[in-house]
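This report describes aromatic contacts and strand pairing. The sequence and structure are shown first.

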Amino acid sequence: MEVPTPEEAARAVRLLDLGLRSGRGVHRKMAKNALHGAKTLSTDRLQVLSEFVQNSDDAGAGQLRILLRSDDILVAHDGAGLRLADVLPLGMPWLSGKTADAEATGRFGIGLSTLRALTTVWEVHCHPFHVRFSGTHLEPAAPPELPDGISGPAWTVFRIPLSPGTLTAVQLLEWFEDWNDASLLLLRHLRSLEVTAGEHSTVLTLSWEDVTQRRILIDGVQRDAKVQHARTTDGALWRVYTAQVAPHADWERSHKALGSTVPVGIALPLECGTNGSVHAGLPVAPLDVAARVHTQFDPVASREGFASSRLNTQLVPVIADLWAAGVRDVLERVDHTAWHLIPLPSPPGSTPANLLQDRIRTELLTRARQSLASELALPVAEGGPDAPLADFAVEEAALSEVLDDSDITRLGKAPYALPAAVRDSGGRWRKVLADWRAAGAADLRTEVQVVDALNLLSDDEWQNVARLVRLTAVALEAGHEYVLVGRACLVTADGRRLRPQPAENAFADASGEATGPLDVLGVVLDLHPAYAEHNAWAKTITAWLRRRDCLVRRDDTAAVRSSYGLGPRAKTMRS
């Protein structure tokens with residue numbers, strides 16, 4: 001039954017109130033007590049604002065505006081208008097008009113009752129209805145004077161009178177500091193949220209672009225997934241994947257209808273440093289993964305967490321299917337360096353938990369180690385073909401500025417070296433591969449170690465002196481001095497390679513004089529100029545040679561005689 005005029009709407013409101021007043025006393029008392037309980041349902045006294053956001057999305061609104069004035073706060077959306085059937089559920093606790101609506105998020109009928117944390121009286125205005133709620137009673141209200149931006153039949157406006165000091169502009173804006181544009185990513189309709197308090201205004205919005213469709217294996221069935229890009233006002237870009245899956249026969253939602261399909265969605269940040277969250281429309285709980293995930297999870301009534309329901313457990317692998325496909329899509333097609341999307345194990349000693357967000361993180365970590373590690377294929381070079389991770393060799397971190405791709409490929413006995421174009425600058429790729437390798441994922445090759453690279457010291461074709469200096473220094477830092485003493489790891493100024501043996505070779509200490517009395521004997525000669533450069537590698541080697549008494553000053557005749565006496569001619573080089 002619908003009412004076309006304000007007069008008929010007012011009459012209907014009076015009849016509804018009469019019905020409530022004439023009901024059984026025990027029912028009225030139950031409703032009254034439920035309203036009192038709603039005041040403490042949430043630990044957040046502004047929880048009702050989140051409820052307004054979610055309700056506006058359920059109503060199909062594209063815009064929501066919140067305006068704090070001197071004596072009230074206005075909340076307005078441009079979604080579907082108020083119907084007669086909506087009036088009682090708006091004001092009565094635990095009475096929901098959305099239980100049978102599988103797509104709507106609301107289910108408990110308690111959301112707007114949390115208004116009691118701010119006031120016991122409030123109004124809703126949407127042609128032809130103008131209703132005031134006071135406790136368990138309702139009555140027609142006079143149409144208010146509304147700002148131009150939220151007046152007219154396209155808007156539904158909630159007016160919440162406030163006593164002085166109940167809510168300040170600073171408090172409201174501070175509350176919204178925890179929100180950002182990405183909070184709206186997984187809503188169905190809402191695209192803009194504006195909060196105005198005094199002279200200050202905050203606008204959350206996203207600009208959307210349809211990208212493509214993908215066929216993705218979700219819950220054992222190939223599904224069509226829509227791929228979109230959402231850009232925030234600060235320029236951050238998210239890649240959003242949404243799909244519909246068929247429910248299982250044993251899936252059952254708490255206090256809510258189950259539709260013929262269940263929506264699933266993930267949003268992946270294309271920039272690192274972004275926190276994740278688990279959504280039921282709006283974000284409900286933090287997720288320690290760079291992703292926002294959404295499906296029809298069962299929340300608790302306060303929407304401050306998720307229920308320990310069987311359905312929530314059943315939906316976790318479904319979300320993980322979409323996540324794994326999305327992350328692979330990003331790494332293969334969008335950004336080969338997006339390793340920030342892949343979770344790593346929690347630090348040792350972390351307290352395990354069994355909250356929904358913890359179970360999701362564990363499942364995503366498992367999927368990354370299993371299907372993602374084995375299925376991911378990356379380009380072998382810019383513009384080149386793709387290859388599975390098992391075909392790539394990588395070097396340990398200490399060798400990253402020592403070896404080139406040909407060295408890594410040869411020492412790792414692999415077809416390819418992991419190219420620089422797929423390595424993120426922060427080095428997370430190395431941590432991810434180390435975790436996957438430790439988990440036995442995809443037969444990944446072990447890293448080329450420093451001790452492996454020392455074989456290059458015996459390679460006559462390995463002539464780059466700067467890299468030889470770096471390799472020697474890295475080997476010293478890795479504790480391989482015992483190997484180096486028997487290798488020709490030093491290069492003379494004329495290009496010969498010599499061993500660091502005091503009994504065989506004495507090298508000129510660059511800190512001494514450039515000439516000395518023993519020059520005519522040819523006892524002390526110079527190292528290659530690379531050893532005199534002002535860098536950490538050269539300093540590491542010269543300090544080591546000095547400790548081994550392989551470096552002598554040209555003017556230190558006693559030291560040279562002590563080492564050589566008048567024995568065989570020594571070889572020398574200048575630093």
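## Aromatic pairs

The structure holds nine aromatic pairs, where rings of Phe, Tyr and Trp (its six-membered ring) pair if their centres lie within 6.5 Å; planes under 30 degrees apart count as stacked, over 60 as edge-to-face and the rest as tilted. Trp-175 and Phe-176 form an edge-to-face pair, 4.7 Å centre to centre with 85 degrees between the planes. The rings of Phe-176 and Trp-179 have centres 5.3 Å apart and planes at 50 degrees, so this pair is tilted.

Phe-176 is buried at 5% relative accessible area (buried means under 20%, exposed over 50%, partly exposed in between; 1.4 Å probe, protein chains only). Trp-179 is buried as well, at 13%.

The model is predicted: local features need pLDDT of at least 70, side-chain atom pairs count only at pLDDT 80 or more, and totals for chains, interfaces and linings use all residues. Residues are numbered from 1 along each chain as its sequence is written, and side-chain values use heavy atoms, with hydrogens and water left out.

## Ring cluster and charge contact

Phe-52, Trp-122, Phe-133 and Phe-158 are linked into a cluster by ring pairs. Arg-470 lies over the face of Trp-537, 4.6 Å from the ring centre (the criterion is NZ of Lys or CZ of Arg within 6 Å of the ring centre and within 35 degrees of the ring normal).

## Strand E7 and its partners

Five of the six residues of strand E7 (residues 192-197) are buried; strands (E, at least two residues) are DSSP runs, numbered from the N terminus. E7 pairs with strand E1 (residues 63-68) in the parallel sense over six bridges, two strands being paired if DSSP finds at least two bridges between them.

Six bridges also join E7 to strand E8 (residues 200-218), and these two run antiparallel. E7 and E8 form a hairpin with two residues between them, and Gly-198 in the turn has a positive phi of about 65 degrees.

Technical notes: Helix = DSSP H or I, 4+ residues; strand = E, 2+ residues; numbered from the N terminus.
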